[in-house]
Structures are given as C-alpha cells and as structure tokens.
Amino acid sequence: MTAVVAALAFILERLFGYPKAVEALIGHPVAWIGGLIGFLDTRLNHGADAPEKNRMAGVAALALVLFMSGLLAGMLTAFCRAVPFGFVAEAVFASAFLASRQLGEAVGAVARGLRRTLGDGQTALQPIVGRDAKSLDAHGTARAAIETLAENTSDGVVAPLVYLTLFGLPGIVVYKAINTADSMLGHLTPRHREFGRASARLDD
C-alpha cells in the first residue's frame with residue numbers, strides 16, 4: 001500500500017504542488033519542523049563555549065525533532081488507515097514533503113529568463129544557488145541551474161519517495177526532518193560545529 005501512496009503523492013504534487021492558499025493559512029509542514037529546530041537551537045545551543053555539552057545537546061535536540069515528527073506522522077497514518085479510502089488522505093499529506101513541481105518551476109524560470117537576457121536568467125538563478133549568480137555567463141548560469149536541479153531532485157523528490165515507499169508517512173516525514181536539521185544546523189561554524197554534528201552525520 002505504501003507504494004500506491006507514494007505514486008499517488010507524486011502525481012498530486014506534480015499536478016498541484018503545495019497550494020499557496022493552504023500555505024498562507026497554516027504554513028508548510030517543513031517550516032513547522034524548521035520552527036522546532038530553530039527553537040531548540042536557540043534554547044539548547046551555547047555556541048563555541050561548551051563543545052562537549054553542545055555536542056550532547058545537539059544529539060538531544062535531533063532526537064526530540066525526530067521523535068515529534070515521527071509521532072505526529074504515525075498518528076496521522078493511524079487515522080488515515082482507520083477510515084475508508086484513507087490512503088488518499090495519506091498521499092495528500094505525503095505530497096507536502098515532495099518538491100518536484102516547485103523545483104521545476106524554479107529551474108524553468110532560469111531557462112525562461114535566459115531566453116530573454118542574461119540578467120534575467122541570473123536573477124532567477126540567485127534564489128536557488130549559494131554562489132554569486134552575477135559572476136556567471138550564460139553557460140555558467142545554465143550549468144548552475146542544471147546542477148541545482150540534479151542535487152535537489154535527489155533531496156526533494158527521489159529520496160523522500162524511497163522513504164515513503166519503504167516506511168510510509170513516518171518515513172518521509174522523518175527523512176525531511178533529518179534533511180532540514182542538517183540544512184539548519186550542519187554547518188562548520190563556531191556556533192554549530194558541535195551542536196549540529198549529529199544532524200550532519202545522520203543526514204550523511
């Protein structure tokens with residue numbers, strides 16, 4: 001059944017994405033996870049002052065994020081499987097953790113921009129890359145967009161679908177929680193070198 005849910009979730013996400021009206025009303029589930037991670041980072045992370053303490057605090061924060069994410073996803077799964085055609089609702093919930101439509105729109109905007117002017121392509125590229133888009137020529141801009149598409153197809157589409165197929169809704173939610181924790185905490189900066197170590201290692 002999880003394979004059916006995964007296929008349906010992918011179709012729904014390709015057709016509709018995450019509706020802007022829903023996001024404006026309740027936000028995005030990944031942003032909720034990010035909010036919890038940010039809260040724990042603020043409360044438990046003591047920067048570079050206490051490396052050993054921070055390393056353990058980072059482990060505790062990650063464990064709490066994964067426990068809360070998995071628990072809520074498990075509760076949603078139990079509800080969906082207790083009602084007729086609940087697999088459809090499960091697919092709707094799961095589709096929020098896929099990003100193929102959003103990714104396609106972002107990279108497509110770069111292609112459309114380049115067809116107009118180099119500057120338009122660079123402007124469309126900048127929000128989806130870490131490098132300075134203004135330093136790239138037309139070929140470099142196109143290459144950067146393709147690289148971003150490849151990397152984020154793995155993180156935002158293929159891997160979530162694999163975990164959804166293997167472990168159901170808790171699988172995709174916990175995967176995205178790990179991925180989000182790494183993106184927010186897994187930096188080699190004085191503040192996050194130790195606190196984010198567990199998140200970075202688990203994501204790897």
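Guide: On a 1 Å grid over the protein atoms alone, a pocket is an open set of points with protein on both sides within 12 Å along at least five of seven lines, a cavity is a set where a 1.4 Å probe fits but cannot get out, and lining residues have an atom within 4 Å of a point. Points are joined across faces, edges and corners, and a volume is the space filled by probe spheres set on them. This is a predicted model, where local features need pLDDT of at least 70 and side-chain atom pairs count only at pLDDT 80 or more, while totals for chains, interfaces and linings use all residues. Residues are numbered from 1 along each chain as its sequence is written, and side-chain values use heavy atoms, with hydrogens and water left out.

Visitor: What volume does the second largest pocket have, and which residues lie nearest its centre?
Guide: About 540 Å³. Pro29, Trp32, Phe93, Ala96 and Phe97 lie nearest its centre, out of 24 lining residues.

Visitor: What makes residues of that lining nonpolar, polar or charged?
Guide: Ala, Val, Leu, Ile, Met, Phe, Trp, Tyr, Cys and Pro count as nonpolar, Asp, Glu, Lys and Arg as charged, and the others, Gly among them, as polar. By that rule the second largest pocket's lining has 20 nonpolar, three polar and one charged. For the largest pocket, about 880 Å³ in volume, the lining splits into 14 nonpolar, 10 polar and 10 charged.

Visitor: Which helix gives the largest share of the largest pocket's lining?
Guide: Helix 8, with 11 residues. Helices here are DSSP runs (H or I, at least four residues), numbered from the N terminus.

Visitor: Where is the kink in helix 8?
Guide: At Phe167, shortly before Pro170, with a value of about 145°. The bend at a residue is the angle between axes fitted to the seven residues ending there and the seven starting there.

Visitor: And what volume does the largest cavity have?
Guide: About 40 Å³, and the structure holds one cavity of 30 Å³ or more. Its lining includes Ile37, Val65 and Phe195, and helix 3, helix 4 and helix 8 each supply at least two of the lining residues.
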